[in-house]
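Me: Please show me the model, and let us then go through the terms used to describe it.

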Amino acid sequence: MSLTPYFVICGLICAFWMLVHFFLASRLDAYKLLQALLGAVFFAAAGDILLEALTGSETISHLVVLASAPSIIPLTCLYFAKLERPYLPRPVLFVWILLPAMLLTAGIILVSLNGLAQTDMLLERIHSRFLLYPDASYVGLERSYYIWTVVIFRAVMLLETLNMLVYCVYLIRKKHFKLSDWYGFLFKGYKMRVLEIQMTLSLLILIGFSVKVYLHVPFYRLYPVVTVIIVILMSTLLFFFGLFALFGSKESISLEDVTSALRFNYSRESQSRVAEEVVMDMMENLQGQSLTHVISQMVMQAEGEAGGSASGGTGSLTSALFGGSKSWDEGSLVYRFQHLMQDELLFLRQGLTLQDVAERLDSNKTYISKMVNQTYGIGFPEVLNIMRVDFAQQYMRMHSEASQEDIARASGFQSASSFNSTFKRITGYTPKVWASRK
């Protein structure tokens, strides 16, 4: 075999994570790029060995490495670009595909001209000694094959390695990555950016992979212990690379997030605490209609378990929305906004606008709108709708015979139709169905 079979372990780890991500993480933003990257590493690390064992030809396995190895570094850079920005990388970044395609095409043409058996014999000579450039013993097609598949191949890999190092330095300076981030992540429980984690692991994997590519084949045969150490390190790094890739759509994670990835397998005694952690962890990803709908469902469940008792304040939905905020100083704009809406019931005024609120708070509507969005994660109209739906729920409890028109007007809605559509959107039920459930 051209290389020690121990490198198959690295390839099998990549295949394992490809299957895991296929079944569990196919909705990640960088899923397709990640699968392509893991596939390239699989063929570069183990494809040559497996194909040589299956076909008995070293030439075929050598052609696979010519196509897969030069793809790894550009795919890694594209993966980083996807983690940094959720939208697709620019098409010009995919020009790198020309390099492996060029090497593979040249290799196939030279093999077809030289013959498969003859090329196998040539590869045995190439692997018996290492030359930076073919000597006089290589003539004709042999010389061309050596130049394309050895000299140019290693030059391309060196060029791509330098390009990746430059790109990583650019990301480090742009994102202000620091080595101390790893200390806080591993020992202090601090959050760390997923991009920073994956970039560090990739650079370490690149070192091990460069050793595999640049060292000559007899080296592995002469020093098997060194080979085993390289394989163990690469396998460990590839395993953690695949593990952290499961969190590719999050900006940052803590070590606790990683260790509790399977926290749904909890015991009965801890299920309430774990469920609370899951909900709080996901709440930051909820916005707009999804946020209000989830709040409504949580309130419905809580009230059902409490026997239908209402929460304090102006209502449970409003309390859930405003209660998630920290305690504000009495002079702050947020405190005065909440006081105006909750205590003075300004939200019940029909046709209330952001300009009306801004005038009451001696501010401007642009500043108020920005404050509301930053504080509650939703816009002012949705805050208004939540409070009105909340009040409507309380009103229906106390006035079970009231008509929909009366409920709508009492809650600040201008018509029964807008009341019905807003109530259903936020709670998931029409007012009649909600009342019958209560």
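**Helix packing, rings and loops**

Reply: This is a predicted model. In it, Leu-333, Val-334, Phe-337 and Gln-338 of H15 are in contact with Tyr-367, Ile-368, Met-371, Val-372, Thr-375 and Tyr-376 of H17. By class, this contact of H15 with H17 comprises eight nonpolar, two polar and no charged residues.

Me: What makes H15 roughly perpendicular to H17?

Reply: H15 and H17 pack at an angle of about 90 degrees, with their axes 11 Å apart. Angles of 65 to 115 degrees count as roughly perpendicular, and H15 is therefore roughly perpendicular to H17.

Me: Why are H1 and H10 called roughly parallel?

Reply: Helix H1 (residues 8–24) and helix H10 (residues 224–244) pack at an angle of about 10 degrees, and their axes are 9 Å apart. Since angles under 35 degrees count as roughly parallel, the term applies to H1 and H10. On the H1 side the contact is made by Ile-9, Cys-10, Ile-13, Cys-14, Phe-16, Trp-17 and His-21, and on the H10 side by Val-231, Met-234, Ser-235, Leu-238, Phe-239, Gly-242 and Leu-243. The residues of the contact of H1 with H10 divide into eleven nonpolar, three polar and no charged. Ring pairs also link Phe-16, Trp-17, Phe-239 and Phe-240 into a cluster.

Me: How many aromatic pairs are there, and why is the pair of Tyr-138 and Tyr-146 called tilted?

Reply: With ring centres required to lie within 6.5 Å, the count comes to 18 aromatic pairs. The rings of Tyr-138 and Tyr-146 have their centres 5.1 Å apart and their planes at 45 degrees. Planes under 30 degrees apart count as stacked and those over 60 as edge-to-face, so the pair of Tyr-138 and Tyr-146 is tilted. Tyr-138 and Tyr-146 are both buried.

Me: What makes the pair of Phe-337 and Phe-380 edge-to-face?

Reply: The planes of Phe-337 and Phe-380 are 65 degrees apart, with 6.4 Å from centre to centre; an angle over 60 degrees counts as edge-to-face. Phe-337 lies in helix H15 (residues 333–343) and Phe-380 in helix H18 (residues 380–398), so the pair ties together parts that are 43 residues apart in sequence. Buried means under 20% relative accessible area. Phe-337, at 0%, therefore counts as buried, and Phe-380, at 5%, counts as buried too.

Me: How do you know that the charged end of Arg-125 sits over the ring of Tyr-138?

Reply: The charged end of Arg-125 is 4.7 Å from the centre of the ring of Tyr-138. The definition requires a distance within 6 Å and a position within 35 degrees of the ring normal, and Arg-125 is assigned as sitting over the ring of Tyr-138.

Me: Which residues is Gln-350 in contact with, leaving aside its neighbours within four places in sequence?

Reply: Gln-350 is in contact with Arg-388, Arg-409, Gly-412, Phe-413 and Gln-414. Gln-350 is found in the loop between H15 and H16 and, at 39% relative accessibility, counts as partly exposed.

Conventions. Residues are numbered from 1 along each chain as its sequence is written. This is a predicted model: local features need pLDDT of at least 70, side-chain atom pairs count only at pLDDT 80 or more; totals for chains, interfaces and linings use all residues. Side-chain values use heavy atoms; hydrogens and water are left out. Axes are lines fitted to C-alpha atoms, for helices over the stretch in contact, and angles run from 0 to 180 degrees between N-to-C directions. Helices (H or I, at least four residues) and strands (E, at least two) are DSSP runs, numbered from the N terminus. Angles under 35 degrees count as roughly parallel, over 145 as roughly antiparallel, 65 to 115 as roughly perpendicular and the rest as oblique. Contact means heavy atoms within 4.5 Å. Ala, Val, Leu, Ile, Met, Phe, Trp, Tyr, Cys and Pro count as nonpolar, Asp, Glu, Lys and Arg as charged, and the others, Gly among them, as polar. Rings of Phe, Tyr and Trp (its six-membered ring) pair if their centres lie within 6.5 Å; planes under 30 degrees apart count as stacked, over 60 as edge-to-face and the rest as tilted. Buried means under 20% relative accessible area, exposed over 50%, partly exposed in between (1.4 Å probe, protein chains only).
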